[in-house]
Amino acid sequence: MKLAQRLFYYLGGFAIGLILLFFFLGGKKASCNYSPTARVLKNIRIKEKVFSEDVLSKMNTHQIDTADISTILLKGNVNFSKSNTELDSCKTYFIEGLVREKPIQVLIVNCDSIARINSITIEK
């Protein structure tokens, strides 16, 4: 069998395999991001969020709403050096992100069923 024929059969089988793969996995909401930051942010996003009074007052002062916090939880970065992940019950995460070109840092206590936003720092 010549090299051209082998290449043709290989590429034909590869194309059929890709089509089948897209057919079976196309309708599913599968994600492939397994980085520690992505896992932490996804874990916090799926939980009920509780805001402290201090955070709510700072958000009102700087005209930031819960949608902006959700954006940080979607596109932000977890600073593990400032986070406390050694606790057994509720781990504390320091998340940094940008909202309307303002750097924002959020301190979140992530428990089993809720995520408490304890403090927020908004730089000007």
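**Figure 1. The β3–β4 hairpin and the residues of its turn.** In the hairpin formed by β3 and β4, two residues lie between the strands, and R100 adopts a positive phi near 55°. The model is a predicted one, in which local features require pLDDT of at least 70 and side-chain atom pairs count only at pLDDT 80 or more, whereas totals for chains, interfaces and linings use all residues. Residue numbers start from 1 along each chain as its sequence is written, and side-chain values use heavy atoms, with hydrogens and water left out. Helices (H or I, at least four residues) and strands (E, at least two) are DSSP runs numbered from the N terminus. R100 is located in the loop between β3 and β4 and has its positive phi although it is not a glycine. E101 is likewise placed in the loop between β3 and β4; its phi is positive, at about 60°, although E101 is not a glycine. E101 is exposed, with a relative accessible area of 76%; here buried means under 20% relative accessible area, exposed over 50%, and partly exposed in between (1.4 Å probe, protein chains only).

**Figure 2. The salt bridge between R100 and D68.** One salt bridge is found in a search of the whole structure, the term denoting a side-chain nitrogen of Lys or Arg within 4 Å of a carboxyl oxygen of Asp or Glu. R100 and D68 form a salt bridge whose closest N and O atoms are 3.0 Å apart. Distant parts of the chain are linked by this pair: R100 belongs to the loop between β3 (91–99) and β4, and D68 to helix α4 (residues 66–75), 32 residues apart. D68 counts as buried, at 10% relative accessibility. Side chains of opposite charge can pair when their charged atoms come close.

Figure 3. Five strands form an open sheet with mixed pairing, in the order β1-β5-β4-β3-β2. Two strands are taken to pair if DSSP finds at least two bridges between them. Strand β2 (residues 77–78) pairs with β3 in the antiparallel sense over two bridges, and V78 has I95 of β3 as its bridge partner. Between β3 and β4 the pairing is antiparallel over nine bridges, with T92 opposite V109 in β4. β4 and β5 run antiparallel and are joined by seven bridges; L107 stands opposite S119 in β5.

**Figure 4. Helices packed on the sheet.** α3 packs on the sheet and touches β1 and β5, its direction making about 45° with that of β5. α4 also packs on the sheet, touching β1, β2, β3, β4 and β5, and its direction makes about 105° with that of β3. Contact means heavy atoms within 4.5 Å. Axes are lines fitted to C-alpha atoms, for helices over the stretch in contact, and angles run from 0 to 180 degrees between N-to-C directions.

**Figure 5. The largest nonpolar core.** The largest nonpolar core has 21 residues, of which I44, I95, I104, V106, I108 and I120 touch the most other members. At least two residues of this core come from each of α2 (36–45), α3 (53–61), α4, β3, β4 and β5 (114–122). The most is given by β5, with four residues. Such a core is a set of buried Ala, Val, Leu, Ile, Met, Phe, Trp, Tyr and Cys residues joined through side-chain atoms within 4.5 Å. Leaving aside neighbours within four places in sequence, I95 is in contact with residues including L41, I44, I72, L73, V78, I104, V106 and I108. In soluble globular proteins, nonpolar side chains tend to be buried together.

**Figure 6. The surroundings of N110.** N110 lies in strand β4 (residues 102–110) and is buried, with a relative accessible area of 8%. The side chains of N110 and K47 are joined by a polar contact of 2.8 Å. Neighbours within four places in sequence aside, N110 is in contact with N43, I44, K47, S89, C90, K91, Y93 and A115.

Technical notes. Polar contact = N/O pair within 3.5 Å; in protein donor to acceptor, adjacent residues only side chain to side chain.
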